[in-house]
Structures are given as structure tokens and as C-alpha cells.
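These are my notebook entries on one structure. I set down what I looked up, topic by topic.

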Amino acid sequence: MSALFDLPPAAPPGFRYQAGLISPDEERTLAAHLTELPFEPFQFRGYEGRRRVVSFGLKYDFNGPGLVDASPMPGWLLPLRDRAAAFAGLAGDDFAHVLINEYREGAPIGWHRDRPVFDKVVGVSLLSPTTMRFRRRDGARFERISVPLEPRSAYLLDGPARTDWEHSLPEAAAHRYSITFRNLRR
Ligand SMILES: O=C(O)CCC(=O)C(=O)O
């Protein structure tokens, strides 16, 4: 009788998902722009990740001072920034920072919470599906939730999903990009 109430939540509170934020044509155009970008391996305190990244607006330097200026967002990214902001209930220029991740086959992203200097996060997925894994400590064990992310979809990390839960992605099964916009915490 209680089975309904025993089901785990489909996603942590504060996570929101929208399939098809962009069309297949828009995805193709964005992916063509992304191939021109100067991606570099992700650097974290002397460790080099397998994903490659590029930032605009602001960049978080994990090996140095933290948040630093980066090149302005290119014009071709602004319509997506505005759409991502509307999805999060923000104005386009609230998103002062974008981090674009490139995952080639086999590249994961490890367990983390985004830096506290940032507030909301909207991620747009391109090219291939993945699963966003969430975990939150519950005494000696972890409570875990997995959420599928389809290409062309967007997710919002806000509230507990952003501050209480860590997230990670498994090794990519195929080439994937994520375009992740962040506003600054007031
Ligand atoms: O690729 C993704 O959608 C996840 C990105 C992410 O967790 C991050 O950039 O901190």
C-alpha cells in the first residue's frame, strides 16, 4: 500500500529539466561554433582532467586566485544565454559566466558542488545523452539519485540540488558538450 510513498524522488529538490530547449538545427550550429573554440584540459590544483573547457565572461581558476575575468561571451552564444536565463527566471546578463565542457569518449566529471561564489547553474547538453548522478551524505551512507540528460535539453541546479547535493557524470560514451551558465551569488 505504501509503495507510492517509498519511491525515491525523481530528482533532488531545486533541479529542473527541460527537454528540447534547442532544436536540432540550433544544436548543429552551436556545435560548429564550439569546434572553433580554444578548449584546454580542465585544471584543478595540479590535477589535469580528461574533459576540456573554455570560459567566457568570468573564469574560475582552481590553480590560482579563483574568479578572474575572461573574454566576453561571443555574440553567437547570447541567444542561448538569454533562453537559458529565461528558463532559470533570470535576465540574460545575470549570467556573467559560461563554462563550456567538452567530453570526448571516456571523459567523466567527478563528484563536486559548484563554487559557492556562483548561484544558479543552467546546463545545456549537446550531441549525446548522459546521466547526471547526485549524491548527498545520509549518516554513514549516501542517498543517490540519477537523472538522464538528453542532447538539446537544459537543466537548472538551484536550491538543495545546488547546495546540498554533489553531482557527477560517468565517463562519456560518446562526444558531448555542455554549455553551463552561472550567475553570481549576491
Ligand atoms: O556537463 C555537464 O552537464 C555537467 C557540468 C558540471 O557539472 C560543471 O561544469 O560543473
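**Entry 1: Aspartate 164**

I began with aspartate 164, which is partly exposed because 14 other C-beta atoms lie within 10 Å. I used these cut-offs: a residue is buried if 20 or more other C-beta atoms lie within 10 Å of its own, exposed if 12 or fewer, and partly exposed in between, with C-beta atoms placed from the backbone. Aspartate 164 lies in the loop between helix 4 (159–163) and strand 12. Helices (H or I, at least four residues) and strands (E, at least two) are DSSP runs, numbered from the N terminus. From aspartate 164 to leucine 149 I noted 15 residues in sequence and 20 Å in space, C-alpha to C-alpha.

I also recorded the conditions of the work. The model is predicted, so local features need pLDDT of at least 70 and side-chain atom pairs count only at pLDDT 80 or more, while totals for chains, interfaces and linings use all residues. Residues are numbered from 1 along each chain as its sequence is written.

**Entry 2: The whole chain**

I looked up how many helices and strands the protein chain has. There are four helices and 13 strands. The radius of gyration is 16 Å, close to the 16 Å that the globule rule gives for 186 residues, so the chain is as compact as a globular protein of that length. This radius is taken over C-alpha atoms, and the globule rule is 2.2 Å times the number of residues to the power 0.38. Along the principal axes, the C-alpha atoms fill a box of roughly 55 × 40 × 35 Å. Of the 186 residues, 28% count as buried.

I then turned to contacts; two residues are in contact if their C-beta atoms, placed from the backbone, lie within 7 Å. Among contacts with a separation of 6 or more, 73% join residues 24 or more positions apart.

**Entry 3: The nonpolar core**

A nonpolar core is a set of buried Ala, Val, Leu, Ile, Met, Phe, Trp, Tyr and Cys residues joined through C-beta atoms within 7 Å. The largest one here has 33 residues, and those with the most contacts inside it are Leu80, Ala84, Val98, Val122, Val124 and Tyr155. Elements that each supply at least two residues of this core include helix 3 (78–88), strand 6 and strand 9 (130–138). Strand 8 gives the largest share, five residues. In general, nonpolar side chains tend to be buried together in soluble globular proteins.

I followed valine 98 further. Leaving aside neighbours within four places in sequence, valine 98 is in contact with Ser55, Phe56, Gly57, Met73, Leu77, Arg81, Ile179, Thr180 and Phe181.

**Entry 4: The ligand**

Which residues surround the ligand? I found Leu99, Asn101, Ile109, Asp114, Gly123, His167, Leu169, Ser178 and Thr180; a residue is near a molecule if its C-beta atom, placed from the backbone, lies within 6 Å of it. Strand 6 (95–103), strand 12 (166–169) and strand 13 (176–184) give two or more residues to this shell. The shell divides into three nonpolar, five polar and one charged residue. In this count Ala, Val, Leu, Ile, Met, Phe, Trp, Tyr, Cys and Pro are nonpolar, Asp, Glu, Lys and Arg charged, and the others, Gly among them, polar.

Two strands pair if DSSP finds at least two bridges between them. Strand 2 (residues 40–44) and strand 3 (residues 47–56) pair in the antiparallel sense over four bridges. Glutamine 43 stands opposite glutamate 48. These strands form a hairpin with two residues between them, and arginine 45 in the turn has a positive phi of about 45°.

Strand 4 (residues 58–61) and strand 5 (residues 66–69) are also antiparallel over four bridges. Lysine 59 has valine 68 as its bridge partner, and four residues lie between the two strands of this hairpin.

**Entry 5: Positive phi in loops**

Most residues other than glycine have a negative phi. Leucine 127 is partly exposed, with 19 other C-beta atoms within 10 Å. Phi of arginine 152 is likewise near 80°; arginine 152 is in the loop between strand 10 (141–149) and strand 11.
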